[in-house]
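Dear colleague,

I am passing on the structure below, together with some notes on what turned up when I went through it. Please read them with the sequence and the model open beside you.

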Amino acid sequence: MPPRKSLRYDEDIIDRLESVENTLKKYKKEVEKIKEFFEQKIEENEKNHKKEIDIIKKHAEELESQILTNKNQNMIPIRHIAEENQRSLSIEISKPIFFGNNKDQHPIDFLQNLEEYFKIKQFSKEEKLIIIRDCLKSAAGNWFATIRFQVREYSEFRDAFINEFWSREIQIQTWSNCLNTSHVSDNVTYREHFAQWSAKLRHLQVPQISEEEIVTNIASHYRDTSEPY
């Protein structure tokens, strides 16, 4: 018969082993639950990500389609602009000419006609200065020859041209001449006289006057004329 102490010791060992085994089983179940939980979460995330990826792909396809549509639409205006440019280049229009004398068109009218000519013909910055040289004749041509190398672009020419042919002093003198004119030559019709002075006065900046004032002042040139106008 084995000793009592040895038997009790064996029983304790067995109890401890059973306790450890039960604990391990418990942990194993918990681990399996945790594993199952994470596997479920991973599966859900994969499904959600797949949906997001599908949505992104759909948006990308729609964006690509929109880009292609816009590209095709933009080609139409480009072709239209090219056709318009070609038509502009084919328009027949004469270069405006300016001599720098009293029989010329008004300096401001010349500049406006020149700019319209440039717009239709679409000259480059360098070509504009060459065309300007060809448009200015006689006294105006001589003046331009003296400043040609000081002018690098059209805006500089425009400022110099106005300062030379329609300066503040010239405008003041023009207005003074209008006020002091009291006799009209017999060989000039009223229509010719009115057109000449109207062209001068409507571009005045010093002073600025209304159309009504222009008509009134030109009409006053005939105040000493006995014949009706």
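In helix H5 of this predicted model, the residues Tyr-154, Phe-157, Phe-161 and Phe-165 are buried, and because they cover an arc of only 55° around the axis, they lie on the same side of H5. The face of the helix that is turned away from this buried side carries Asp-159 and Asn-163, which are exposed. H5 itself runs through residues 154-165, and these twelve residues reach 16 Å from the first C-alpha to the last, close to the 16 Å expected at 1.5 Å a residue.

What do the buried residues of H5 pack against? Their partners are helix H2 (107-121), helix H3 (125-135), helix H4 (138-147) and helix H6 (168-180). For Phe-157, leaving aside residues up to four places away in sequence, the residues touched are Leu-111, Leu-114, Ile-132, Leu-136, Trp-143, Phe-144 and Val-151.

As for the protein as a whole, its secondary structure comes to eight helices and zero strands, and buried residues make up 22% of its 229 residues. Of the contacts with a separation of 6 or more, 62% are between residues 24 or more positions apart.

Key
Residues are numbered from 1 along each chain as its sequence is written. This is a predicted model: local features need pLDDT of at least 70, side-chain atom pairs count only at pLDDT 80 or more; totals for chains, interfaces and linings use all residues. Side-chain values use heavy atoms; hydrogens and water are left out. Helices (H or I, at least four residues) and strands (E, at least two) are DSSP runs, numbered from the N terminus. The expected span of a helix is 1.5 Å times one less than its number of residues. Buried means under 20% relative accessible area, exposed over 50%, partly exposed in between (1.4 Å probe, protein chains only). The arc is that of the directions from the helix axis to the C-beta atoms. Contact means heavy atoms within 4.5 Å.
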